[in-house]
Amino acid sequence: MRHDLLDLPPVPAALYGDLADRIGRLVGCTGDVLWVQGEAILALEALATSIARPGMRAVNVVTSPYGRLFGAWLRRAGATVNDVVAPEGHPVATGAVEAALAGGADLLALVHAESASGVCNPIEAIAALGRAAGALLVVDAVASIGGHPFAMDALGADAVVIGPQKALGGPAGIAAVALSERAWAAIDRPGAPSDSALALLDLRRRWLDAGRGTLPGMPSALEWWAMAAALDRIEAEGIDAVVGRHLSTRRATRAALRALGLQLWVGNEADASALVTTAVLPAALDLAAGPPALRAAVDLAVGDFGVPVIRFNHTGPRARPLALAEGLVALGDALGATPQTIDAALETAGTA
Ligand SMILES: *Cc1c(COP(=O)(O)O)cnc(C)c1O
């Protein structure tokens with residue numbers, strides 16, 4: 001029996017390379033883009049393991065569990081890591097990063113926009129500090145690509161991890177790593193990790209150095225054909241339009257949640273992620289008892305905020321007026337809001 005999900009055509013090397021080039025254009029990278037088969041967290045671990053070395057001094061910004069993990073992987077690879085931990089649910093203060101860099105740093109790592117805690121770090125200001133310190137700039141842009149404007153070369157970023165499954169609305173089983181020449185100089189060194197699923201150097205040797213003619217390993221056809229479809233869809237809409245609807249949905253969501261009486265966790269819009277909007281959990285809200293439409297839109301934010309904090313999801317396909325309206329109605333109902341209040345919140349969202 002033939003099955004659409006099983007009997008897929010194999011992934012041609014030309015497609016594998018073409019998709020990497022298209023990701024490069026999307027993130028403003030003229031350097032190399034590698035594919036890592038596995039979810040984005042594996043690509044982050046591979047990058048930390050490949051780029052860090054004993055004696056390296058790293059400044060690592062922590063605004064969610066992802067930053068904490070990244071620091072641990074850098075340490076495991078021998079780096080001396082100075083974690084700059086922001087207050088939970090808030091972006092890092094540029095002054096704190098500047099102070100940490102003053103001690104000397106070879107590498108500066110941060111998450112751009114957070115889907116876990118709902119914040120967006122001031123990446124341009126931090127990148128400028130990193131450049132001034134001469135540090136390699138490593139960015140976890142897994143969630144932000146497609147949700148916030150991002151231009152790798154212009155920013156001076158050296159290593160960027162991209163996840164297809166957040167704002168880009170693609171598959172969750174592969175991720176991309178974009179690298180500058182400076183990043184390669186740190187990764188491709190005597191004694192660097194190799195013959196490992198975490199070694200980016202293996203991918204350079206097997207794919208880039210081999211002229212991109214032979215696939216490095218066995219790509220999962222499902223994932224790459226889905227990636228091709230996701231990029232087709234993003235390119236048809238245009239990356240600026242994709243980012244634009246995330247930013248406008250952030251604005252609309254913030255206004256509507258306020259109209260429903262919720263207390264937003266992130267006070268300034270510019271500090272807020274365009275992927276999710278966080279708010280203090282209202283006492284009247286029982287998430288577990290809600291209908292599927294509520295559970296699709298709202299869950300608990302990830303982190304220790306001191307009080308329970310919810311996040312309203314407007315990532316990827318949910319960054320659209322209809323998905324927003326469905327989520328708002330479900331949330332309003334669960335809060336016991338009157339139809340008039342819910343209508344007013346929808347109206348506010350529409351005009352924000
Ligand atoms: C989702 C996310 C990740 C991890 O991605 P997975 O695909 O779930 O492994 C890493 N960093 C950030 C900022 C994310 O939002």
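Start by selecting helix α2, residues 40-51: with three residues, this helix gives the most to the shell around the ligand. Helices here are DSSP runs of H or I with at least four residues, and strands are runs of E with at least two, numbered from the N terminus. This is a predicted model, where local features need pLDDT of at least 70, side-chain atom pairs count only at pLDDT 80 or more, and totals for chains, interfaces and linings use all residues. Residues are numbered from 1 along each chain as its sequence is written, and side-chain values use heavy atoms, leaving out hydrogens and water.

**The ligand**

Now show the residues around the ligand. There are 14, and the closest are Glu39, Ser115, Asp140, Gln165 and Lys166. A residue is near if one of its heavy atoms lies within 4 Å. Color the shell by class: eight nonpolar, two polar and four charged residues. Ala, Val, Leu, Ile, Met, Phe, Trp, Tyr, Cys and Pro count as nonpolar, Asp, Glu, Lys and Arg as charged, and the others, Gly among them, as polar.

Select Glu39. A polar side-chain atom of Glu39 sits 2.5 Å from an oxygen atom of the ligand. Step to Ala40: a backbone N or O atom of Ala40 is 3.2 Å from a ligand oxygen. Then Ile41: a polar backbone atom of Ile41 lies 2.9 Å from an oxygen atom of the ligand. The protein covers 93% of the 380 Å² of accessible area that the ligand has on its own (Shrake-Rupley method, 1.4 Å probe).

**The salt bridges**

The structure holds 16 salt bridges, each a side-chain nitrogen of Lys or Arg within 4 Å of a carboxyl oxygen of Asp or Glu.

Select Arg182 and Asp158. Their closest N and O atoms are 3.2 Å apart in a salt bridge. The pair links distant parts of the chain, 24 residues apart: Arg182 is in helix α7 (residues 181-187), Asp158 in the loop between α6 (152-155) and β6 (159-162). Asp158 counts as buried, at 4%. Buried means under 20% relative accessible area, exposed over 50%, partly exposed in between (1.4 Å probe, protein chains only).

Next, pick Asp188 and Arg204, a salt bridge with closest N and O atoms 3.1 Å apart. Asp188 is in the loop between α7 and α8 (200-208), and Arg204 is in helix α8.

Finish with Asp18, Arg22, Asp232 and Glu235, which are linked in a network of salt bridges.

Key:
A polar contact is a pair of N or O atoms within 3.5 Å; within protein, one must be able to donate a hydrogen and the other to accept it, and residues adjacent in sequence count only if both atoms are side-chain atoms.
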